[in-house]
Structures are given as structure tokens and as C-alpha cells.
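Could you walk me through this model in my viewer, one selection at a time? I'd like to know what to click on next and what I'll find there.

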Amino acid sequence: MNPANYLILAALLFTIGTAGVLVRRNAIVVFMSIELMLNASNLTLVTFSRLHGTLDGQVMAFFVMVVAAAEVVIGLAIILSIFRTRRSASVDDVNLLKY
Amino acid sequence: MTHTPVHYAAASGAFSVSWLLILLPLAGAAVLLLGGRRTDRFGHLIGTLAAAASFVVGVVLFAAMLGRSGDDRAVSQHLFSWIPVNGFQVDVGLLVDQLSIVFVLLITGVGTLIHIYSIGYMAHDPARRKFFAYMNLFLASMLLLVLGNNFLSLYAGWELVGLSSYLLIKFWEDRPAAATAANKAFYMNRVGDVGLAIAIMLMFATVGSTSYADVFGAAAANVIGYGTISAIALLLLLGACGKSGQFPLQAWLPDAMEGPTPISALIHAATMVTAGVYLIVRSAPIFNETQAARTVVVVIGAITILLGCVIGCAYDDIKKVLAYSTVSQIGYMFLAVGLGPAGYAIGIMHLLAHGFFKAGLFLGAGSVIHAMDDDQDLRHYGGLWRYMPVTWATFGLGFLAIIGFPGLSGFFTKDRIIETAFDKGGTSGYLLGAVALLGAGITAFYMSRLFLMTFHGRPRWSSEGEDARHPHESPPTMTGPMIVLAVGSTFAGGLFVLGHSMQDWLEPVAGEGVEGVHTFSPIVLTALTLVVVAGGFAAAWLRYQARPVEATARPDTEVTLVTVAARHDLFANTVNETIAMRPGQFLTRFLVWLDLVGVDGLVRGSAAGIGGLSGRMRRLQTGFVRSYALSMLGGAVLMVGALLLVWGG
Amino acid sequence: MNSVPWLTILLVIPALAAVVVAAFPRRLATQAKQLTLAVTLAVLVLAVLATFAYHPNRAGFQFSQHYDWISTFGISYAVGVDGISLVLILLTALLVPVVVLSSWDEFDGDPQDEGPAGGALPEDGGLPAGGGLPESGGGTAVLVATPPVRVEAVAQAVPVPRRSVPVFCALLLVLEAGLVGVFAATDVFLFYVFFEAILIPMYFLIGSFGPAQQQAQRSYAAVKFLIYSLLGGLLMLAAVIGLYVVSAEHLAHGTFDFASLRQLDITPGVQKLLFAGFFIAFAIKAPLFPFHTWLPDAGAQAPVGGAVLLVGLLDKVGTFGLIRYCIPLFPDASDYFAPVVLALAVIGIFYGALLAIGQRDMKRLVSYTSLAHFGFIALGLFAFTSQAGTGAVLYMVNHGLSTGLLFLVVGFLIARRGTADIGAYGGLAKVTPVLAGVMLIAGLSSLALPGTNSFVSEFLVLVGTFTYNKALAIVATTGIVLAAIYVLYLYQRTMTGPITHEANRNLPDLSWREKAVVAPMIALIIGLGVYPKPLLDIIRPSVTATYTDVGRSDPAPPHPVTSQPGGRS
């Protein structure tokens, strides 16, 4: 099996995630897109780990997963509280922090 | 090239305390100023005592000097090191010699008399104590000026007399005119001081010293280039013109008459304004080396004689007439000293005689002004001789002395100046002599005018009505000094010329007065002068005695152009305003604007520019998360692209 | 040798006292002032003692101390003085207590904090409102010394918080410590640290303690001062780092030690760059034309005491830096840039004087006169003769005294009348004769009348410059006429003539406290004018050594006198 395929898949996932972050307004979807990007990079890490025959990449992937889990907790909490006050989950409605 | 300094004897005996001369009046001033109101009651006595004590020291020194042989008479005393910086070593030291001692006697003598006079004159002024303090300060400064043994000490005294003059002109400082006149005097004096200061710098740069001994040694050794020594002399002359009210810096002196009359007598007639003459005679070794500078001196003297005389004829203010008379008499002195060794001693003689008669005249004028309720207008006087006989007599003697009545001071000293001017020879000699002669005639005219309008003719005042005047003789404290000065005016001149006494006395300082070839024989010249003077007097008599005098001056439209010009000081103030004051004001205003708009504008502009730029940049912070994400992506792409370019390609 | 760490003592005492005073609560204002005065007087005494321990004719720095600080970069705590810095430390030690005493009740008239009484703005001239404020413990003095003029000032004003006297005192003490540090540092980096550190207390002095009613102008002036100085400071920082890099190239280890840096043989090109960095910083600080526009603003908006310290001491750091750092470290560049500096100096003399003549605000006027004086100082420093250099250093001291006194007098007037506008005065000589006399003396010193201190320094500068370049000296000398005009014109407008404003008719003359403030200043002004030798003897060897080290010697007169080289008679 050609490891390049994994990398291509990871790149595709990452691109989809990026596009999602940029074009979608719903905070939940943006959030999921970010997760997609994280997982794309996880895939890359694991692939390279396999390629080089070391475990460093896998360890990093675990790190990312743990951090992502923590991030999900905080992120969802923020989104939830914003939704409660502003009755909207659109990221474009959250623009008070500006010039 | 090197050379040796002039030798002065070391101070010993009475000369070792010559600093007392300066210290006594200085202490008087300090006590009066620091003591404050506590000394109000007896302040004038302290002041007068300090002046008198200084005079006594001066007399003692004079006696001690007479006891010395001719070569040892110049005594130099080192007091302390003032400004020592490597090659630049300036000491405070005193030089008591034949020249400075006559000045010491003049300053302290006339000074003491005027202190006594002021006790009466200022009796009703609440600030009399301050007046005496400033007068003492003046005496100390003036003595420092004439006693310093180097040019920097002289300069210190030079500026300090300017300060005392300033303080005393504006003595009645709630009068705006007095404050303005004082400022004007200080400013114009400072213009002259610049010349003196640069001259001193040039001396240091050339000789490496500012002491008389070294500078005169170098000048006498003839090692300094002609250009340099002429420059030094001309710069000294600029200083002298400023202090002595000579053309073109004469305009401050008449304005200075805003000060109390004793001050006009002491500072602006007898002593301070003659400092310029002192400076030139003191610097004789320098002026001896440069014909060019001497020529400028005589030209300035000649111009000033005429200028002072002409304006003196036009004023109706008794003090202003006397002020312009001072200007023109100092012109005579400049003319004399500009003639070089032949004239130094004569210039000093005229200076001393002038010190007596002009001080006397001013004190007399003060007495008249006092009697006439501070009215200074000649046209409001008339017939006063009946009411104030002592003033009339003393003023009359001063008047006769100044116009050169035979036997009185002016006759001896001014005649000698005219004679020396003619003796210079050549066209220039005739020209200068003619100017001096003409000046004598005009002097006789305007002084007679002054005298006749004041003391003779019908009274143009009334002892009744709203503007009633009750002229009365002044108290003895005022008339006493006037009498002494009148006696001095009468006999001083004769004493000086008696057996060449003054010329012989000053010879070590001023050089040997070479008896030139006479252009006219002295008898002829004296006769000629007397005729001219008599003519001046006769003209005044016909105009102001034989005919009644109007109580108000005719308006400018009805008099000749010359009179109009003279009434406006020959437009000296207009010229000063046009070339200095107006452009200066404009420049000042322009610079204030430039600083605000230009220089600071640049500063504020750059601040505003940065502020504006950051204001624009701030707009990038839209608050839309997705646009931030896009810019992050763009940044990441750029970074990756750049890395690929660097490492990949 | 001398084992007493004079400089560290002088530095630490005010710094510690600042911490203590800053901790004082507001109601102990009087005690804070007393403590500050005592400490600053103690510093003065110590500084005088140190001067007696100093050996003027010994080469190099004295009272030196050296401890490693950041050894990786060769930075150390190194202090030491030569004659130049010693006299400036003396001036610092003198002026700070004078300022403390002169500002004694400056802030007593401030409106109080909003108290329990309801905090309406007091209508009665800023006196504490009737409701016995808990904080006005120090307010017993308040009742005594409030100038009546505050009435009109307060009436039109927005509420102003009462300013804390202990903080003011602490700032003065910090400033004193910083100034001692600037003058004493012999490590370039340490110098830089102090150089920037003194900005901070001055920033707060201007921003928080300036005229109560002009908050906007005050913060404008404070920020302008801070940013302008920081800009210069950053250029200098770049040059300081550059200097380190150069030293690392020349020596085994890079260093900031002044004595080592002085030995370096830097290439002319690099010298020019580094010189420019230092020079611009100092030219802003001094200030020289055209970097001066912060000065009138800061001078006008600082409290009077702050203005005295600003113009009298802070600005001296600039001129001090020129002779301590620019000339010895970069001799070739100094040569190269000398024409520029001299031109700026002469322009400054005239520009400052003319602008001073045109001012209507007394504090701005005095600030502009300083610009002219700094022109003379810079002229003297870059004429490269020992007379001009010694004169310039003496000028720094004298300017601190004369302009300091002038600022104090202006402050007395403002305290009485509440405005710095010249038009509000006139005819005061009759009402307040002593005040008028003091102003005249300060002014005469400012115009360099012989017999006052400034004459000695100004003449030395001019005569020294004359032997270096006649034309420059002649042009500069004509500036003394303008000096006479700005001083006497100010005096004429404020003190002479009839009294034009009724409010001026009953102004009080100087109080005993104010007399005590001006008396030592006047004594020094006249004393140093008549007998400047003690100071000259301290300054001269150091200045001469500085110029000799960079290969400059006084031009010899073409026709010297044989008998005595000194030309004594």
C-alpha cells in the first residue's frame, strides 16, 4: 500500500476542513470542520510515523486528540453560552470584538 | 614673536588697601539693600558716608602717589584669581596710576557731592534708601571700571555701571516712560558691550592675556599686525560709543533723563558716560598704533559734536537740552583723544572740567525743576533769578564755563581742543577745527538760550490761579554741592593748564603731548573762538531776551525743516526703529509662528500621521472570525510558498 | 584610596526614601514633605562632603565601584565621577531640596476628593468643603496658604482629583536617585538604563502634578515629552548595542565599560553612525534646535518644581552626554559633525532668544531662554578648547541656578495670581519689591551680567570659541543683546509701569519660606560670579583631559608674553 495515498487523503480532509471553516457560518459546523482538520493532521502524523518506523508521530497524534477533546469541551461551552445570549449560532453574529 | 609686558610697581603702603575704594560703596549698597526698610531712616546717611569715605581713601592714595617718583606712580595690585582656565588667566586686580586716580577723585568727589545733594532732592521720596543703595552700587561699579588692571575687570565694571544706570533710570518705575528708557539704555549699551567683549576676545586670541600690562606691552612692541590692532581699536570704540552716547549709539542718553536729576548729573553727565573717553585714553598704546581707528574716532567725535549741538537748540525740556549738550561735549572729548598723543591729556582735561560744570548745571536744573513743581519745560520758566539767587549764580558759572568764557574751565579746555584740531594740519585739520569752532558757537547759542529762558526775561508762569507756582531757593543740602561744583567749574580748567600740570601728570599714561606746529597762533585762535562764542550768545540774546518768548512752542508746520528734524532727534529713533526694532518685532512674530506651525508642526504632523495610519490599520480588525481565518490561511500559504521557494527551488 | 562608596550612598538614600515616602498615606502629607526635605538635605550634605574628598587633579574616575551585573553581555554596575559629573551631582543635590521647599504648599490648594459631604465641587476657592473631610488631616496648612486666585480658576473647571503629596515627594526622590545614577554611571548600559529611568518620574510629574485646570494640555505635554525622549533613547539604545558589537569585534569579550570603550579604535564610518545615535538622543534631551518643541510644552505644563528639575537637571543629561560620551568615544565623528553641531548651537542661541522675546506665557518664555543657553553650552563643547569646554560645563551648573531661580520666581507669581500669562501682571515692583528684586537678579544672571555666575561661563565659552573659530564666536556674542532684551522686556512687562489689574494690588511679597528658597540660590549666583575658582578647579582638569585624549589642544596665541606664561600682572 502506498503511503502517499494516506497523505493525499489527509490533504483532502484538511482542505475540506479548511473550506468548511471559511465558508460555513454555523459555529457547530465550523467546529466540526476544525476537528476534521485536526484529524487530517493526525492522519499525517500516523502515516509518517509508520514511514519512519518510529513512534513519535503516534505519540503526537494522541497529544492532539487529548488537546482536541479539551478544546471541544471549552469550545462547545462557549458556543452554548453565546447561543443562549444571542439566540444564534452564526459566527458572523459574534463580531463585537473589533476595532 | 614674544615681548615683555609693561612694568607696574607692586602695591605697598597705602596702595595695598586700594580695594577699599570699591569695597566701601559696595558695602554701603549691600547694607542698604539687605537691611531693607529697617535702614529707611538713616539709609541716606550710610550711603553718603560710604561715598565720602571712598573719597577720603582716594585723596590719601593721591597724596601717596604724589610722594612717589614718576616711574613708581603706577601701582598694580593683584587681589585674587578670577577665571583661571589653562591659558586663560584672568585676575581681579587694581591699577592705581595717574589716569585712574584722577578718575577716582572725580567719581568719588562729584559722587559724594551728589549724594549730599540727593539727601535734599529725594527727601520726600519713599524709596530714598534704595536710591542711595543704587548710587553706592554705581560708585563701586564705576570705580571697578577705572581701577581694574585688566580688560575683563574693566568689562565687569563696564556692564555693572550699565546695570546701575538701568536701575536708576527706571527708579520711578511705575512710569512706563522711565521703564522704557531704562530698557533702551541697557539694550543700546549692550550693543556697545558686544564690541568691547569681542575686542577682549581678540586680545586674548592674539596676546594670550587680557591684562593691561601684557596687551599694552605687545602693542608697544609693535608685534601685532596692523589689521588686528585696528580691529581691536575699532571694537573698543564701539563699546565706547555705546557707553558714551556717541553717534550712532547716542539715542539712549536723552531718554535716560527720565531718571531723577541727581542721576542725570552723576551718571549721565559727569562720570559714566565719559567712560568711553577713559577707555580710549587707557588703551592709548593700542590707538597709538593705528591711524585708521583714530580717524574713525575723530570723525565720530566731530559728527557727534554737531549732532548734539543742533538737537540741543531745538528742545524745550531743560534736561534734554543738557543731555544733548553732554552728547556734544563728549564729542569734543572724542575728537581730542582721537587726535592721538597730542590730544589724550586735553581730552581728559575737558572731561574733568565737564564733570564739574555739567554736574553743576544738572544739579542747578534739578533745583529749578524742584522749585517749579517738576515742570521741565523751558517755556514755562522765566525770570527765576530773582527767586533762586544761589541757583542762578552757580548755574551761571557753569553756563559761562561750558561756553568757554575767558578764565573759566571751558575756556582753557575747549580752546585747547579746537587748537589741537587745527594743529593736526592738512585739510582734515581745518575741517575738524572748523567743526569744533562751529560747535563752540552753537553751544554758546543753545546754552545761552537755556540760561536766558530759565532765569531771565518775563516770567511765563504765574503764582496765582490753578497752575500756581511758588519758586523758592533749595535747601542747603542742595545748594552746598552746587556751590562747590561752581567753584570747581570756575577754577579747574585754569588749574589743569597751569604750567602744563595735567599734561605732565598724565604723560606716563597718555604719552608725551607733542606740541605740533601751530596752524594759527594760539592768540589768534582764542580771539576767533571768543568771537564765535560771542556771536552765539548774541544770537540767543536777540532771539530770547530782546524779544518775548512764546509760552508754547510753535507747531512743526511753522518752523524750518532743520528745527523739525532736530526736534525729532535728527530722526535717530526713527532710524533705529526702522532698521532694528520693526524688523526685529516682525522676525520675532514670524519665528513664533514658524516654531508653532513649522517646527512643532513637523513634530505634531508626524505624530498625527502615525495616528492616522494606525487608525486605518485598525479597520482590518473587523470582528468576523472567518475573515481572520482567511487571513491566517493566506499567511500560511504565503509562508509555505516562501519556504518552498527557498528550500525547494 | 577612598573607601567610602559615596556614589552608591548618594544613589541609594533617595531611592530608599522614595519607597518609604510613597507608602505614606495622603493625610500624612506634611510628614512626607518633612521627611523628603530631610533626606534631600542629607544628600546635599553628603554630596558636599564627597566634593571635599574628591581630588581634582587626579586622572580618571574617582569613587569608582564595579560589580558585575549581567556578565554574559559584559554589563556591570559601575559608577565613578570625574570633575564634570561631580559638579552636576552637586547641582542635583542642591536643586532637589530647593524644589521640595519651594513646592511646599503647591498642592494644598487642590480641590479635595469627593468626601462624605456629597462631594460638590468646593466653591470657596478650593478650600475643603465644610463637611470635615476625613482626609484633610494635612489640611490645617491648606487653610492657611490657599491663594485667593484659585476662586476664578476653580469656578470654570471640571472636578480635579486632589493630588497626593507623598507621591509627589516620592517622584522627586526617584528623580534625584536617577539623576545621580545618570551622572555617576561609568557603564554605558547602566547609563542608558538611568537615562530612560528618569523619564518615568518626570512623566508623572508633568502629567499628574501640572497646572490643575489644564488636564488636556498637561497630558499632551507629558506624552510629547515621553515619546520624544523615548525616540531619542531608542536611537541611543541601537547605538549602545552597536558599541557593544564593535567592542566584541575588537576585544576578547564585548563590554559596556566606558573606560574600555574609550580605548577602542573604531573606524570612522562606524563612528559616524554611532555618534548620530548618541547625538540625536542628547540633542533631544538637551534640547538643541530643532529638537526642542517638547520643551516649552513640558516646561509650561510641569509644576514649577518639576520645571526647575526638568530644565535645570534633566536637560543637562543631554549636554553632559555630549562631552562624556559623544566626544571621547567618537572623536573622528565629532570632528566630522562639529560644523553641524556648531551651526545648530548658534541657530539655537538666536532662535531661542527671539522666540523668548515673542512669548506671552512666562513658563514658555523661560523654556525658550533655555534653548538659547543650551546653544551656548553646545557651542562651548564643540569648540574643542579647554576654555570653551570648561565654560560649557560651568554653564551647565550656572544655567541650573539662574534658570532654576527664574522658574522659581515665575512659580511664586503663578502661586499668587494663578496664571502664567504675562499680560495679567504689570507694576508689581511697587507691590512685591522683594519678589521683583529676586526676579531681576535671576534675569541678570540669565543675561550673563558680570558679577553673576553666568558671565564667567558665557565668557569662557565665547573666548574659547573665539580662538577656535572667530566668526562663530562673533555671531554668538551678538546674542547677548537679545538676552538683554528677553530678560528686561519680561521684567518691564511684569514689574514696571502702573498696576493694570486690580487683583495685583494686594499680592503678598515673598514669605519666609520663599525667601529661604531663593537665598541660597542668590548667594551662589553672586558667589560663583565673583569667585568661580573652586568649581573651575574641579571642572578644568577633567575637561582638559577629555580634549587632550581626543588629540585637541588649545591654539597658542601668536604673540604670547614672555615673562609669565599665565599673563598675570
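Start with the largest nonpolar core of this predicted model. It holds 444 residues, and the members that touch the most others are Leu143(B), Leu335(B), Ala359(B), Val87(C), Ile89(C), Ala378(C) and Val409(C). Now select residues 176–207 of chain B: this is helix H6, which gives the core its largest share, 20 residues. As background, nonpolar side chains in soluble globular proteins tend to be buried together.

Next, zoom in on Ile89(C). Which residues is Ile89(C) in contact with, leaving aside its neighbours within four places in sequence? Pick out Leu10(C), Ala47(C), Val81(C), Val180(C), Phe183(C) and Ala184(C). Then jump over to chain A, where a second, separate core of five residues includes Ala27(A), Val30(A), Phe31(A) and Val91(A).

**Chain C as a whole**

Colour chain C by secondary structure and you'll get 22 helices and two strands. Of its 569 residues, 61% are buried. Take the contacts in chain C between residues at least 6 apart in sequence: 79% of them join residues at least 24 apart.

**Where the chains meet**

Show all the chains now. Two pairs of chains touch, and the pair with the most contacts is B and C. On the chain C side 55 residues take part, and on the chain B side 63 residues do. To see what chain C brings to this contact, select H14 (331–357), H16 (386–417), H17 (428–431), H19 (453–468), H20 (470–495) and H22 (533–549) of chain C; each of these helices supplies at least two residues. Which helix gives the largest share of that side? Highlight H20(C), with eleven residues. Colour the chain C side by class and you'll find 30 nonpolar, 20 polar and five charged residues.

What about chains A and C? They do not touch, and their nearest C-alpha atoms are 23 Å apart.

**A sheet in chain B**

Stay on chain B and bring up its open sheet of three strands, with the order S1-S2-S3 and mixed pairing. Strands S1 (9–10) and S3 (88–96) of chain B stand at the edges with a single partner strand each, so one side of each has no neighbour in the sheet.

Begin with S1(B), which pairs with S2 (residues 75–85) of chain B in the parallel sense over two bridges. Click on Ala9(B) and then on its bridge partner in S2(B), Val75(B).

Move across to the other pairing: S2(B) and S3(B) run antiparallel and are joined by nine bridges. One place to look is Ser76(B), whose bridge partner in S3(B) is Leu95(B). At the hairpin of S2(B) and S3(B), there are two residues between the strands, and Asn86(B) takes a positive phi near 50°.

Is S3(B) mostly covered or uncovered? Select its nine residues and you'll see that nine are buried. One side carries Phe88(B), Val90(B), Val92(B), Leu94(B) and Val96(B), while the other carries Gln89(B), Asp91(B), Gly93(B) and Leu95(B), and both faces are covered.

**Last stops on chain B**

Select residues 426–455 of chain B to bring up helix H18. At 1.5 Å a residue, its 30 residues should span 44 Å, and its end C-alpha atoms are 43 Å apart, which agrees. Just after H18(B), click on Gly457(B) to find a positive phi of about 75°.

To finish, colour chain B by its domain assignment: domain 1 is 300–562, domain 2 is 568–618 and domain 3 is 619–649. Between domain 1 and domain 2 of chain B, the C-alpha centres lie 50 Å apart.

Conventions:
Residues numbered from 1 in each chain as written. Chains lettered and ligands numbered in written order. Predicted model: local features only at pLDDT ≥ 70, side-chain atom pairs only at ≥ 80, totals over all residues. Contact = placed C-beta atoms within 7 Å. Helix = DSSP H or I, 4+ residues; strand = E, 2+ residues; numbered from the N terminus. Nonpolar A, V, L, I, M, F, W, Y, C, P; charged D, E, K, R; others polar. Core = buried A, V, L, I, M, F, W, Y, C linked by C-beta atoms within 7 Å. Buried ≥ 20, exposed ≤ 12 C-beta atoms within 10 Å, placed from the backbone. Pairing = 2+ DSSP bridges. Domains from an automatic or database assignment. Expected span 1.5 Å × (residues − 1).
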